[in-house]
Amino acid sequence: MTKRHVAVVGAGRMGQGIAAALAFGNVSVTVVDLRERGAAGPAYLAGVRSAIRAALHHKVILGLLPADRLDDVAAQVTVVGEIDAMGPMATADLVFEAVPEVADVKRGAFSWIEAMVAASVPIASTTSSFLVDDLAGHLAEPQRFLNAHWLNPADLMPLVEVSPGRATTPDTVQVTRDLLIAVGKTPVLCAASPGYIVPRLQTLVMNEAARMVEEGVASAADIDTAVRLGFGSRFAVLGLLEFIDWGGGDILFHASHYLRTELGERFAPAPLVEANMNSGRRGISDGAGFYEFDADTVDDYRAQRIADFARVLDALGRLGRHEEFATTD
């Protein structure tokens, strides 16, 4: 099988993280810096190489990469300026655009990329600010374009939110998903909607946390402790919608109405939550909610989730072992 070669256009923090992730996944990578830097250019490119190598070295420290493999993995990354990019771009199987979140800068980058790569090569923007269809208008061939939103730090975070546009072909989506899976990432599909999935959810939660500090509900430190141990640890095992089914959509519905009365309209229950409750889809108790539950296997499902939850708490050092019952070697 021919070794894949991916171009990352944009040499900032996101581009560096993506390059490290791809190299770690055994993909040849060319990072292209499109900015004109004059005499400072060589030093900047050297700094980018050093930053990518440092990210890979961190994997050695974590025990994820053998120390004797560091040089070989780092050697899969080439960092060039625009003047030296023509050859590498011509052989790219896929391009990730990671230039600054400025419309004119992206427009120029897309024009340059399309002029450099073969007509069949998918082009994926890593934008967190622009909808895919808003950017697609800047490309002559929008059918090969989509958004692929990596989460920082890109070399460590497993999730990539893939957002196809109206013109994006299924093949473009498949090629991008296959590449991400091959390098160990987990792609999820998301419609062209502001905020994707994770940023939209975390924006609501972050603002609510700030409101609680402002209102004197709790200190920033206590809120963050509550999030780490009571919020994040649970949702690392049970997704938000799975958790609704786990506890019961009726609980969320009634809690939402109470908080709506006390704190405002932003806590109103989603219409789908009410619809599920009224149609007998409250979750595990009904055998259906956002998910379907088989009565013959639901006990095994519960036991597995509890075991997963215990492993998360154990990793945090919060499983709550009692000295009296602790085992010793």
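The legends below describe several close-up views of a predicted model of one protein chain.

**View 1. The whole chain, shown as an overview before the close-ups.** In this predicted model, the chain contains 13 helices and 8 strands, and its C-alpha trace spans about 60 × 55 × 45 Å along the principal axes. Of the 329 residues in the chain, 38% are buried. When contacts between residues at least 6 apart in sequence are considered, 63% of them join residues that are at least 24 apart.

View 2. In soluble globular proteins, nonpolar side chains tend to be buried together. The largest nonpolar core of this chain has 39 residues, and those with the most contacts inside it are I18, L22, V31, I52, V77, F96 and W150. Helix α1, which covers residues 13-24, supplies the largest share of this core, namely 7 residues. Apart from this core lies another one, made of 21 residues, which include V80, M89, W112 and L135.

**View 3. The surroundings of L22.** Which residues does L22 touch, if those up to four places away in sequence are not counted? They are V6, V8, V27, V29, F96, L179 and V183. L22 is also one of the residues with the most contacts inside the largest nonpolar core, and F96 is another of them.

**View 4. The packing of helices α1 and α2.** Two packed helices are described by the angle between their axes and the distance between the axes. For α1 and helix α2, which covers residues 41-61, the axes come within 9 Å and cross at roughly 50°. This angle makes α1 oblique to α2, and the crossing of the two helices is right-handed. On the side of α1 the contact is made by Q16, A19, A20 and F24, while α2 contributes V48, A51, I52, A55, L56 and K59. Sorted by type, the residues of this contact are 8 nonpolar, 1 polar and 1 charged.

View 5. M14 lies in helix α1. Is M14 buried or exposed? With a relative accessible area of 15%, M14 is buried, because the limit for that description is under 20%. Leaving aside neighbours within four places in sequence, M14 is in contact with A98, T126, W150, N152 and A154. The pair M14 and N152 is 138 residues apart along the chain, yet the C-alpha atoms of the two residues are separated by 7.2 Å.

**View 6. The cis peptide bond between N152 and P153.** The peptide bond that runs from N152 to P153 is cis, and its omega angle is near -5°. P153 is placed in the loop between β6, residues 145-150, and β7, residues 159-164.

**View 7. Two residues with a positive phi, N26 and Y196.** N26 has a positive phi of about 70°, although this residue is not a glycine, and its place is in the loop between α1 and β2, the strand of residues 28-33. Y196 is likewise not a glycine and has a positive phi of about 50°. Where is Y196 found? Y196 is found in the loop between β8, residues 186-189, and α8, residues 198-214. The relative accessibility of Y196 is 7%, and therefore this residue counts as buried.

Key
Residues are numbered from 1 along each chain as its sequence is written. This is a predicted model: local features need pLDDT of at least 70, side-chain atom pairs count only at pLDDT 80 or more; totals for chains, interfaces and linings use all residues. Side-chain values use heavy atoms; hydrogens and water are left out. A nonpolar core is a set of buried Ala, Val, Leu, Ile, Met, Phe, Trp, Tyr and Cys residues joined through side-chain atoms within 4.5 Å. Buried means under 20% relative accessible area, exposed over 50%, partly exposed in between (1.4 Å probe, protein chains only). Helices (H or I, at least four residues) and strands (E, at least two) are DSSP runs, numbered from the N terminus. Contact means heavy atoms within 4.5 Å. Axes are lines fitted to C-alpha atoms, for helices over the stretch in contact, and angles run from 0 to 180 degrees between N-to-C directions. Angles under 35 degrees count as roughly parallel, over 145 as roughly antiparallel, 65 to 115 as roughly perpendicular and the rest as oblique. A crossing is left-handed if the near helix is turned anticlockwise from the far one by less than a right angle, and right-handed if clockwise. Ala, Val, Leu, Ile, Met, Phe, Trp, Tyr, Cys and Pro count as nonpolar, Asp, Glu, Lys and Arg as charged, and the others, Gly among them, as polar.
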